[in-house]
Amino acid sequence: MSESEGREISPIDVRWANVEALGEPGQRRFRLLLSSGDETTVLWMEKLQVDALGRALEQLLDQLPGTPEETVAPDTEPRFDLGSDRQFRVGKLEIGYDEARDRIVIIAYDLEELEEFGPAALCRLTRIQAAEIADEAERVVAAGRPRCVMCGMPMGPGPHACANQNGHLRSEYEQL
Ligand SMILES: [Zn+2]
C-alpha cells in the first residue's frame, strides 16, 4: 500500500445541511446531509458522533474571533438527494477552520476504508450553517432521551439539574 498517498477530494461548499434521526428510539440511526446544491453527501453517524460533532462545532464557533459575514438565507427549499452515491459510515471526524474563507471545515473518514486513504469528504460551512448543525445535533440527540416528569427537559446521561425542583434534589425519587 506504499503507493497510496491519499486521494484528491474536492471540497464541498455546503449550500444546505440537515441532521436527521431515523427509526425508533433505542434503534435510531443518524445522518448528516450536506448538499452543494448539485450533489448530496450523506454521512451516516452514531449518536455519540452526532453529539460530539455538535459540541465540537459549538466550541469552535465560540473561539472564533470577529463576527461572521452576513449571509443571505437561501431563497429555495433545501433539496437532498437521499439516493446519492456519496454516502458512507463515518469512522473518524475532524473539524477545522479555514481562516481565509471564514468557513468551518468538516473532514470525514469512511469507516470501511483505511485511514491512509485520507478523508472521504471535506465540507465547508459558513458559521451560521455550523451553528445550525450544532443546534440540530443537540435537538436530535436529545429527542431520544427520556424526559423529566418535573420539568419536561430531556435527561442526559449525567445528573439532571432540574429547573422545577427548587433545590429539592431527588424529591421525585423520594416520593416513590
Ligand atoms: Zn427536571
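This report describes the sheet, the helices and the nonpolar core of one predicted model.

## Basis of the description

Residues are numbered from 1 along each chain, following the sequence as it is written. Because the model is predicted, local features need pLDDT of at least 70 and side-chain atom pairs count only at pLDDT 80 or more, while totals for chains, interfaces and linings use all residues.

## The sheet

Seven strands form an open sheet with mixed pairing, in the order β1-β7-β6-β5-β4-β3-β2. Strands (E, at least two residues) and helices (H or I, at least four residues) are DSSP runs numbered from the N terminus, and two strands pair if DSSP finds at least two bridges between them. At the edges stand β1 (12-13) and β2, each with a single partner strand, so one side of each is left without a neighbour in the sheet.

Strand β5 (residues 87-98) pairs with β6 in the antiparallel sense over seven bridges, with Leu93 opposite Ala108 in β6. The hairpin of β5 and β6 has four residues between the strands, and there Asp102 takes a positive phi near 55 degrees.

## The helices on the sheet

Helix α1 lies across β2, β3, β4, β5 and β6 and runs at about 10 degrees to β5, whereas α2 packs on the sheet by touching β2, β3, β6 and β7, its direction making about 10 degrees with that of β2. Here axes are lines fitted to C-alpha atoms, for helices over the stretch in contact, and angles run from 0 to 180 degrees between N-to-C directions.

## The nonpolar core

The largest nonpolar core has 29 residues; such a core is a set of buried Ala, Val, Leu, Ile, Met, Phe, Trp, Tyr and Cys residues joined through C-beta atoms within 7 Å. A residue is buried if 20 or more other C-beta atoms lie within 10 Å of its own, exposed if 12 or fewer, and partly exposed in between, with C-beta atoms placed from the backbone. Elements that each supply at least two residues of this core include α1 (47-63), β7 (121-125) and α2 (127-142), and the largest share, six residues, comes from α2. In β7, four of the five residues are buried.

Val50 and Ala137 have the most contacts inside the core. Leaving aside neighbours within four places in sequence, Val50 is in contact (C-beta atoms, placed from the backbone, within 7 Å) with Val19, Phe30, Met45, Ala137, Val140 and Val141.

Note on methods: Two residues are in contact if their C-beta atoms, placed from the backbone, lie within 7 Å.
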